[in-house]
Amino acid sequence: MAAQLIGDPARWGRSLVFFHRHDQCADLVARLRAADIACDLVTASTPRERQLAAFEAGETRVLVNMAILVEGFDCPALQTVFCRPSGKGCTIQMAGRVLRRAPELPFKQIVQCSQTRHPMLKTAPAAEQYLLDPDGRWRSVAANRQLDEIARRSMARIARTRVELPRWCAPTARDPPALARPCRGRLTPFMGGARPGAGHPNVRTGAMASSRSDVRPPAARPCAHSSPTRERLDTAAPAPDASPP
C-alpha cells in the first residue's frame with residue numbers, strides 16, 4: 001500500500017486508510033513521511049479536530065486510523081478509501097466515507113484487501129462498474145451510460161439508412177410487359193362473356209353493354225397476358241324482318 005501511495009499520489013488523491021493494528025498504522029505513516037507525503041495518524045488520543053480540518057483544507061493528503069473514522073467522518077474531497085477486512089456492516093461504513101459527491105471529482109475509489117469476505121462489487125454494487133487494466137486504462141464491466149448512448153446512436157443511423165431493392169428484384173427491359181406493368185381498367189375477354197372494366201362509360205356489370213340498341217361498346221382490347229382468342233361482343237338489337245310485298 002505504501003508503494004502505491006508513493007508511486008502515484010495524484011491517482012489516489014486525498015485518501016483514508018484503515019488498519020487492524022496500531023503498529024501497521026505507524027509503519028505506513030513513517031514510510032509516507034519519508035517519501036515527503038503529508039499524512040496523519042488519527043487515534044483516540046490525537047487532536048482529531050485539528051487533523052480533520054487540515055485534511056479538509058488539503059494540507060494533509062492521507063489519514064491513517066484503525067476504527068475511529070469508520071463513522072461520523074464526512075469529507076466530499078476524499079477520493080480514495082482503503083478498507084481493511086471486516087464484517088459486512090463495518091465494511092459498508094468504511095466504504096461509505098468516500099461516497100460523498102464532489103463536483104471536482106468525477107469518480108471515487110474503494111480499495112479492498114483480496115482477503116475480504118464482503119467485496120463491494122457484491123455487497124453494494126454500483127450503477128456503473130469499471131476495472132483498471134495493467135496498462136492504466138479503465139474497462140467497463142457492465143452496461144453504462146456511454147454504451148447506452150452508443151447503442152442509441154447506432155439505432156438512429158440504421159433508421160436513417162436508405163434501403164433499396166437489389167437490381168435482380170426490379171423489372172428490366174427484357175422482362176415481359178405483364179411482369180413490368182399489370183393490366184388495369186380494360187376489358188379482358190374470356191370464355192363465357194366479358195369482364196366489366198372502366199374503359200367505356202356504357203360498360204357495366206354482366207354481359208350487357210347498354211340498354212340502347214344503337215350503341216355498341218368498343219371492341220375488347222386484350223391484356224398483355226390474355227390469350228389470343230377473342231369473342232365478339234354484339235349486344236345490338238336484331239335486324240327487323242322484311243316487310244311483305
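The model is predicted, so local features need pLDDT of at least 70 and side-chain atom pairs count only at pLDDT 80 or more, while totals for chains, interfaces and linings use all residues. Residues are numbered from 1 along each chain as its sequence is written, and side-chain values use heavy atoms, with hydrogens and water left out.

There are seven salt bridges in the structure; the term stands for a side-chain nitrogen of Lys or Arg within 4 Å of a carboxyl oxygen of Asp or Glu. I will go through some of them.

Start with D27 and R31, whose closest N and O atoms are 3.0 Å apart. Both sit in helix α3 (residues 22–34), four residues apart, about one turn of the helix. Helices here are DSSP runs of H or I with at least four residues, strands are runs of E with at least two, and both are numbered from the N terminus. D27 is partly exposed at 39% relative accessible area, and R31 is partly exposed at 47%. For these words, buried is under 20% relative accessible area, exposed is over 50%, and partly exposed is in between, with a 1.4 Å probe and protein chains only.

Next, helix α7 (residues 145–160). R152 and E149 are three residues apart there, about one helical turn, and their salt bridge has its closest N and O atoms at 2.7 Å. R152 is partly exposed, at 48%, as is E149, at 29%.

D74 lies in the loop between β3 (62–65) and β4 (80–83), and R97 in the loop between α5 (88–96) and β5 (109–112), so the bridge ties together parts 23 residues apart in sequence. D74 is partly exposed at 42%, whereas R97 is buried at 6%.
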